[in-house]
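Look through the structure below before reading on.

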Amino acid sequence: MTWFDCERQLTPLALAAVLATASFPSAAQLPLLGSGSDPWDIDVLYDNHTAYRGKDATGHVVGLSKFRNTLTIESRKRLAGGWQFGSILRGTFDGVYRMNKGQYGDDAGGPIMLEDTSLGAMVPHGGGVLNYTTGTGLFGPNNKFGFDLASNPNDGLRVLGDRWHGYPHGDVAFGVPVRPCDKDSRGCKDFGGYGDLDQSELEMPEFNDRLDFIREAHIRRSFYLDNGNAIYVKVGKQQVVWGRTDLFRVLDVINPVDYSRNNIYDELEDIRIPMWIAQAEYRMGPSESMQDRNIQLVWNFDKFRPHNLGQCGQPNVILDAGCLFRGMANLWDNGGTVANFGAGGVISTDFGPHQVGIRNVDRPDWSLSNTQFGAKFEGVTQGGISFSLNALTFRSQLPSLRAMRTGAVNPFTGDPQSTANTHLIAFDVVYPRVNLIGGSMDFELESLGAAVRLEGALTKGEEFANTARDRLYSENKVWRSVIGIDRPTFIPWINPRRTTLISAQLFWQHIFDHEYYKKGDYVAPSGARNTLGPVGMPDWEDNFIGTLLIKGFLMNDRLSPELVIARDFRSRTHAIAPKVDWSVTDKLKLTIGANFKGGSNRRNRFDDCRSCNPYAPFTGSVADMGYSMGMASAEPLGRFRAGPIGTALYEDEVYFQMRYKF
């Protein structure tokens, strides 16, 4: 089958394209809603985004990483009674899963080898030194792990994390299925809109049971009161934007984000996931001390939706988290081989089903208590300072892994344990309730000719990985803030007659009651001084990320070169993203760009919890510890220290984008 044959089978997108470009009647022919005579206002846009990726951490060239074709239909209409209707419909087809199926499609992955430090050699998946057969001889007749290679064969796999950190010596590792779920269902679990998608759902992600092809569908109206104030109402599927800063989400957390579309490199407007929301604004106008005042109430009454972090096997899996989740779900369902795990972290171990991994995903069902509610007061002072005060209660859009409780029984031998009541390397995924208060401020610094943007928020209820706790997580308050400075500046060698925009931002995250114990420190809960290395929370107590944007305007603003630099100061990694936009005509826009990463992942090894499990001598070294001794790997927690830039360190790309407005 040729690529053109594949394209002919894409009937939903092809039909939409034909309807949009050929079959739509003119605006005058469309039916008019209500009693007004205003016609429909319709825009149709086509976008092609093609990207090519270089070598990953394994040293192999990835090749084509995106061939995304997007059709967007925007419509507006005045209705009867002063109401207005707006909608955005979007359909996408990404051909990369067929055009580069050896990396992302039906032929992705293959057989893998895993390390066994005790042998100083590599063993195949399914060939762990500690397993049912040899285990019986080593540790007695009750050591029946029960792994069956037939249920989890050595094919269609990659080693967890190999794309972003390779396979360092002595680390824990296991295989992860990477083919679409209709080709290989191992580890496929619904984490909230991703994790169990077949190839057609990966290719055309908007066509799902949540009707994501409806980007917007809302009605809105302003009601004017006798005192001069007004009430503005907007109801429907929409994005509600609270933030005043770019890239970083501090207050802008009402809508979840689809990071599988292009990691963090698409505009938030394009990757926010629209939700069914009702918002009302009471616009009070000026007062003696204020130029303007406004109170907004927001009710997100849609069924809960987390961020889409990407399914393992997609080109964009932020933090490589989707691969960790799929690999651990596969271990729980089918068992598998874990490198350098048993007998104190040196022997490859074949675990059976329901012993390690992810057991359940608790996705909140719809109920009134699971909806999200927010309030915001906005004002502009007489001195021209714009500000807001915000409050929101919502479900965390990021998952939390809680070590599951199984009772005081060793699952490998069936023997009772003296004190342990937690199975420390098996997890349930939850999305906890979070409360947020914060605010923002904009003002001008006339002496510098710059605009300043400030934004900050304090949250309560977020959960973080924490290997110093018996269930491997802790609940912590978090402060996040951003300061941004925008300054139009004349740079003669770029354009002597037009200012160049220079914009800088600094993001700060602080975790309260942060726990991090270095080697030899006291470790909760026993206070023993026998740790091998740092344990606690892999997330940095204070993390700083800075960005710099330089954007020029040439040829009467039709040619716009741009450079974005982002630096993660704690992980010591950076991204450099140059691009050039060329508006060929009012309808055709071409973009050529790239993003390159640099730095090192050497600082991102962290406690891997091989020594968390209390069931000696099969896994841990000390019986009934209830906490970790601190054996370290890049997996599974190093990703939280590396951050979104560090885990994409080997995802350098060049790309071409074409946008046409019909």
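Among contacts in the protein between residues at least 6 apart in sequence, what percentage join residues at least 24 apart? The figure is 66%, where contact means heavy atoms within 4.5 Å. The model is predicted, so local features need pLDDT of at least 70 and side-chain atom pairs count only at pLDDT 80 or more, while totals for chains, interfaces and linings use all residues. Residues are numbered from 1 along each chain as its sequence is written, and side-chain values use heavy atoms, with hydrogens and water left out.

The protein has 662 residues, and 53% of them count as buried. Buried means under 20% relative accessible area, exposed means over 50%, and partly exposed lies in between (1.4 Å probe, protein chains only). The secondary structure comes to 11 helices and 31 strands. These are DSSP runs numbered from the N terminus: helices are H or I with at least four residues, and strands are E with at least two. Helix 11, residues 638-646, is mostly covered, with seven of its nine residues buried. Among the buried ones are Arg 639, Arg 641 and Ile 645.

In soluble globular proteins, nonpolar side chains tend to be buried together. A nonpolar core is a set of buried Ala, Val, Leu, Ile, Met, Phe, Trp, Tyr and Cys residues joined through side-chain atoms within 4.5 Å. The largest such core has 37 residues, and Phe 174, Phe 191 and Phe 325 touch the most other members. Elements that give two or more residues to this core include strand 7 (173-177), helix 9 (321-334) and strand 12 (336-341). Helix 9 gives the most, with six residues. Leaving aside neighbours within four places in sequence, Phe 174 is in contact with residues including Leu 114, Val 159, Leu 324, Met 328 and Val 338. A second, separate core of 18 residues includes Trp 242, Val 250, Val 482 and Ile 545.

Next come the aromatic rings. A pair of aromatic rings is described by the distance of the centres and the angle of the planes. Rings of Phe, Tyr and Trp (its six-membered ring) pair if their centres lie within 6.5 Å; planes under 30 degrees apart count as stacked, over 60 as edge-to-face and the rest as tilted. By this rule there are 13 aromatic pairs. Trp 299 and Phe 301 form a tilted pair, 5.3 Å centre to centre with 55° between the planes. Trp 299 counts as partly exposed because its relative accessibility is 34%, and Phe 301 is also partly exposed, at 24%. Why is the pair of Phe 341 and Phe 351 edge-to-face? The ring centres are 5.2 Å apart and the planes are at 85°, so the pair falls in that class. Phe 341 lies in strand 12 and Phe 351 in strand 13 (residues 347-351), so the pair ties together parts that are 10 residues apart in sequence. Both Phe 341 and Phe 351 are buried. Elsewhere, Phe 191, Tyr 194 and Phe 325 form one aromatic cluster.

The loop between strand 13 and strand 14 holds His 354. His 354 and Asp 333 are 21 residues apart in sequence and 6.2 Å apart in space, C-alpha to C-alpha. Not counting residues up to four places away in sequence, His 354 touches Leu 331 and Trp 332.

On a 1 Å grid over the protein atoms alone, a cavity is a set of points where a 1.4 Å probe fits but cannot get out, and a pocket is an open set with protein on both sides within 12 Å along at least five of seven lines; lining residues have an atom within 4 Å of a point. Grid points are joined across faces, edges and corners, and a volume is the space filled by probe spheres set on the points. There are two cavities of 30 Å³ or more. The largest cavity holds about 310 Å³ and is lined by 26 residues, with Arg 163, Gln 314, Asp 320, Cys 323 and Glu 651 nearest its centre. Helix 6 gives the most to this lining, with three residues. The second largest cavity holds about 30 Å³, and its lining includes Phe 191 and Tyr 194. The second largest pocket holds about 740 Å³.
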